[in-house]
Each structure stands twice: as structure tokens, then as C-alpha cells.
Amino acid sequence: MIDTVIDEAIARYFNSYTQGRLQELKQLQSQLRLTNQELTRLVSANKDSISHLAHELKTPLTSIIGYADLFLRQQRQQSELKDTYTNLESIERVLKSGRLLVRLINDTLEISRYDAGQMKLQPTLTDVRSLINFVLEIIEPLARAKELSLIVECDGFANAKGERAPSQVITDPLRLQQILTNLLSNAIRYTESGSIHLQCWTLSQQQWAISVTDSGIGISLDAQAQIFNPYFRELTSAKVQSSDGTGLGLAIVSRLVQLMDGEIKVDSRLGEGSTFTVILPLEAIAQV
């Protein structure tokens with residue numbers, strides 16, 4: 001009888017142990033399946049990004065090679081090549097394609113650095129107006145070329161809501177400059193007439209905000225959920241399709257805002273323009 005009881009106890013214990021291990025194996029199998037699915041998704045996403053990048057690089061690179069080959073053949077056929085309007089125009093196209101290629105590569109590296117966790121903030125006391133003036137010196141020629149009005153309200157006076165812009169903030173001036181430059185150049189790129197309006201104001205004792213409003217083509221509701229994804233561009237017109245944008249500007253802005261513990265919002269309607277609002281801390285904290 002004792003032997004029988006012991007055998008039953010051992011059998012029950014063994015059965016319980018076996019069931020427990022089988023359950024653990026099932027859980028492990030399920031986790032492995034989910035991990036495999038995630039790895040497959042990441043590999044697929046990486047392939048898509050590489051495909052997008054290769055496609056974007058191909059157009060300007062093909063242009064550079066084509067025109068460089070044209071110059072070489074002309075030089076061989078004619079020892080003294082005169083600077084005609086056609087030749088100067090071709091040179092300008094080569095330079096434009098080269099600049100686009102460099103910008104695309106730099107933007108891609110910027111996104112990669114953020115995704116790899118290699119981008120760090122270097123906060124310092126920053127004069128808001130001086131930084132904005134520096135950005136405007138870069139942006140104003142682009143707006144002037146399209147005859148767009150560039151309106152700035154960041155001088156410290158109260159806006160319609162009685163909110164005043166901060167004169168100084170503790171932030172990373174390089175990253176803030178990148179955010180403003182990308183938002184303003186993007187607004188100009190997709191606006192054919194009207195104005196670009198830049199505002200900044202204090203929200204609270206901890207936060208301040210910057211907004212860029214344009215009178216451009218606007219963004220559809222469906223596209224607003226994707227505009228911060230790399231390489232995404234909503235092609236709503238022939239002018240947009242021929243734009244020299246890389247589809248990375250807003251993706252970089254979104255990542256920089258996250259890096260600075262901020263928030264970015266978009267308010268837009270097709271044909272009525274867009275407003276991008278960035279909310280940032282008045283005192284950014286450096287990452288260790």
C-alpha cells in the first residue's frame with residue numbers, strides 16, 4: 001500500500017512537472033513566434049527604407065552622370081567651349097542635383113543617428129530672437145523668390161491672446177535651428193502664393209510654443225497621420241511631384257522635437273494651408 005501511494009504521488013508530481021514544462025514551452029514558442037514576426041516586420045521595414053533611399057538617390061545621381069557625360073563629349077568635340085545659356089543652365093542642373101543628393105544623404109544620416117540613440121542634446125542659454133533672425137537670413141531668399149510674405153511675431157510683444165514670446169530659453173540652439181529651418185522651408189516649398197507666418201509665445205512657466213502657418217496646398221486628413229514618417233510625401237499636384245523635397249524634413253523635425261521632450265501638432269485642410277505648432281520646454285535637459 002505504501003509503495004502504491006508513493007508511486008501515485010510520484011506519478012502526480014511527474015505529471016504536474018511535465019504539464020508545467022509543457023506550458024512553459026508553449027509560452028516560449030508563442031514568444032518566439034511573436035519575436036520572429038517582429039523581426040520579419042523590422043527586416044521588411046528596413047528593406048522598404050533602403051528601397052526608398054535608393055530610389056531617391058537614383059534621380060539626382062542619374063542627372064549628374066548624364067550632364068557630366070554631356071560636358072565631357074562636348075569638350076572632346078570642341079576644344080574651346082563657350083559659356084552659352086544652355087551650357088550654364090546645364091551646369092546649374094548638375095549643381096542642383098548634387099546639392100539635393102548631399103542633403104538627402106545628410107538627412108538620412110540624421111534620422112539614422114536618432115534611431116540609433118546617438119543624437120544628444122547640448123542645451124545652453126539661447127536668445128530666441130537672435131536665433132530666429134539667423135534662420136530668417138537663410139529662409140528669406142526662398143520666400144522672396146516665390147514672392148511670398150514672411151511675417152514674424154516673436155519680438156516679445158503680446159499676441160492676440162495676451163501671450164508673450166520668451167526672450168531667452170535653455171535649449172540646444174543647433175536642434176532648434178534645424179526645426180525652424182525645416183518647418184519654414186517646407187512651408188515655402190508647398191506654398192505658391194500668399195504668406196508664411198511665424199509666431200512664438202510662452203505657454204506656461206515650463207513651456208513655450210512656435211508655430212509656422214502657410215497659405216499653401218494643405219494636407220489631407222489621411223496624410224496627416226503619415227507626414228512624420230521618413231520619405232512620405234503627399235503628391236497632390238504636378239508642382240509637388242517636381243519639388244526638390246526629400247520627404248525627410250518633417251521626419252527629422254518630429255524626431256528632434258521628441259529628443260527635446262516636446263510635442264508637435266499639425267492643423268491643415270486641403271487648399272487652405274497648414275499650421276505646424278511645436279511645444280518645447282523652456283529649460284531643456286541634457287541626456288546623460
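The chat below walks through a predicted model of one protein.

User: How many helices and strands are there in the protein?

Analyst: The predicted model has 7 helices and 7 strands, and if you read along the sequence they come in the pattern α-α-β-α-β-β-α-β-β-α-α-α-β-β.

User: And what share of the residues is buried?

Analyst: Of the 288 residues in the protein, 33% are buried. The accessible surface comes to about 18100 Å², and 54% of that surface belongs to carbon and sulfur atoms.

User: What about contacts, how much of them comes from residues 24 or more positions apart?

Analyst: If you take the contacts with a separation of 6 or more, residues 24 or more positions apart account for 71% of them.

User: OK, new topic. How many disulfides does the structure hold, and which residues form a disulfide?

Analyst: The structure holds 1 disulfide, and it is formed by Cys154 and Cys200, whose sulfur atoms are 2.3 Å apart. This pair links distant parts of the chain, since Cys154 sits in the loop between strand E2 (149-153) and strand E3 (168-171), while Cys200 belongs to strand E4 (residues 195-202), 46 residues apart.

User: Are those two cysteines buried or exposed?

Analyst: Cys154 is buried, and Cys200 is buried as well.

User: Let's move to helix H4. How many residues does it have, and how far does it reach?

Analyst: Helix H4 covers residues 173-189, which makes 17 residues, and from its first C-alpha to its last it reaches 24 Å, close to the 24 Å expected at 1.5 Å a residue.

User: How many residues of H4 are buried?

Analyst: In H4, 12 of the 17 residues are buried, so the helix is largely enclosed by the rest of the structure. Among the buried residues are Leu176, Ile179, Leu180, Leu183 and Leu184, but the list also includes Arg175, Gln178 and Asn186.

User: What happens at the start of H4?

Analyst: There, a side-chain oxygen of Asp172 reaches to within 3.1 Å of the backbone nitrogen of Leu174.

User: And where is Thr191 found, and which residues does it touch?

Analyst: Thr191 is found in the loop between H4 and E4. Not counting residues up to four places away in sequence, Thr191 touches Lys146, Leu148, Ile196, Asp214, Ser215 and Gly216. Its side chain also reaches the backbone oxygen of Ala187 at 2.6 Å, and Ala187 is one of the buried residues of H4.

User: Why does Thr191 count as buried?

Analyst: Thr191 has a relative accessible area of 0%, and buried means under 20%, so Thr191 falls under that cut-off.

User: Now H7. How many of its residues are buried?

Analyst: H7 is mostly covered, with 10 of its 11 residues buried, including Leu250, Ile252, Val253 and Leu256. The helix is followed by Asp261, whose phi is positive, near 60°.

User: Where is Asp261 found, and is it buried or exposed?

Analyst: Asp261 is found in the loop between helix H7 (249-259) and strand E6 (263-269), and at 57% relative accessibility it counts as exposed.

User: And what is phi of Glu147?

Analyst: Phi of Glu147 is near 60°, a positive value in a residue other than glycine. Glu147 has its place in the loop between helix H3 (128-145) and E2, and at 73% relative accessibility Glu147 counts as exposed.

User: Last one: what is Leu203 in contact with?

Analyst: Leaving aside its neighbours within four places in sequence, Leu203 is in contact with Trp208, Ala209 and Ile279. Leu203 has its place in the loop between E4 and strand E5 (207-214), and at 38% relative accessibility it counts as partly exposed. Leu203 and Pro281 are 78 residues apart in sequence, yet in space they are 9.6 Å apart, C-alpha to C-alpha.

How values were computed:
Residues are numbered from 1 along each chain as its sequence is written. This is a predicted model: local features need pLDDT of at least 70, side-chain atom pairs count only at pLDDT 80 or more; totals for chains, interfaces and linings use all residues. Side-chain values use heavy atoms; hydrogens and water are left out. A disulfide is a pair of cysteine sulfur atoms within 2.5 Å. Helices (H or I, at least four residues) and strands (E, at least two) are DSSP runs, numbered from the N terminus. Buried means under 20% relative accessible area, exposed over 50%, partly exposed in between (1.4 Å probe, protein chains only). The expected span of a helix is 1.5 Å times one less than its number of residues. A polar contact is a pair of N or O atoms within 3.5 Å; within protein, one must be able to donate a hydrogen and the other to accept it, and residues adjacent in sequence count only if both atoms are side-chain atoms. Contact means heavy atoms within 4.5 Å. Accessible areas come from the Shrake-Rupley method with a 1.4 Å probe; for residues, only the protein chains shown count as cover.
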